[in-house]
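Q: Can we go through this structure together? I'd like to begin with its pockets.

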Amino acid sequence: MKPLPRSFYQPSAQAVAPRLLGHWLIRNLPSGPCGGPIVETEAYLGGNDPASHSFGGQTTRNRAMYGPPGRAYVYLIYGFHFCVNAVCRPAGCAEAVLIRAIEAEMGLDAMRQNRAASTPIALTNGPGKLCAALAVDRTLDGVDLCDASSPLYIARNPALARFRRQRGPAAISVRIGLTKAASLPLRFYLGGSLFISRRARADAAPSSG
């Protein structure tokens, strides 16, 4: 599968987040590739976004978020769960898109070995869940998402338009689980997918992206 080019990640995370929907997150494991199409994302903006890890400036933890674009930013939350992001904008701007959910399509046996789940949906319908299923941790922080030989990359879906029609409608809502900048409409998802982490709410609106 052909990776998305680095130019794909040059715009703002707010623009890239909806465009990632339907493309494939792929993890290269010794047993073979595993992953699936992205169905839910959240955008985290530059230094003016108080919910973004870049809000307080560059640290050892968030260094990968400062670019270059098309790299992975992986962090640990609650001391247990990893989350993976795609870094956006030119180096130094520190924006990223959190991958919140993918559809478990490729390498299900490997994903089940990495994370016990009662159904394929439960494997990857959340940011921590998908990282566990794909064996994504801090060792992958900064890897190149634009290289098919990378341990983790994002591949273009050749049937993107059809996939989006089948899993639509595309929708926007506020981000999940935040106390700062909680009202910003920066969560994007395909409402027809069974794998999104939270069903549509009253604040959701159709997306034109």
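**Pockets and a strand**

A: The lining of the largest pocket divides into 13 nonpolar, eight polar and four charged residues. Ala, Val, Leu, Ile, Met, Phe, Trp, Tyr, Cys and Pro count as nonpolar, Asp, Glu, Lys and Arg as charged, and the others, Gly among them, as polar. This is a predicted model: local features need pLDDT of at least 70, side-chain atom pairs count only at pLDDT 80 or more, and totals for chains, interfaces and linings use all residues. Residues are numbered from 1 along each chain as its sequence is written, and side-chain values use heavy atoms, with hydrogens and water left out.

Q: Which residues lie nearest the centre of the largest pocket?
A: Tyr-75, Ile-77, Tyr-78, Arg-100 and Ile-176 do, out of 25 lining residues. A pocket here is an open set of points on a 1 Å grid over the protein atoms alone, where a 1.4 Å probe fits, with protein on both sides within 12 Å along at least five of seven lines; lining residues have an atom within 4 Å of a point.

Q: And which element gives the largest share of the second largest pocket's lining?
A: Helix 4, with four residues. Helices (H or I, at least four residues) and strands (E, at least two) are DSSP runs, numbered from the N terminus.

Q: New topic: which way do the residues of strand 8 point?
A: Arg-187 and Tyr-189 point one way, Phe-188 and Leu-190 the other, and all are buried (under 20% relative accessible area, 1.4 Å probe, protein chains only).

Q: What stands opposite Phe-188?
A: Ile-172. Strands 7 and 8 pair in the antiparallel sense over four bridges; pairing takes at least two DSSP bridges.

Notes. Buried means under 20% relative accessible area, exposed over 50%, partly exposed in between (1.4 Å probe, protein chains only).
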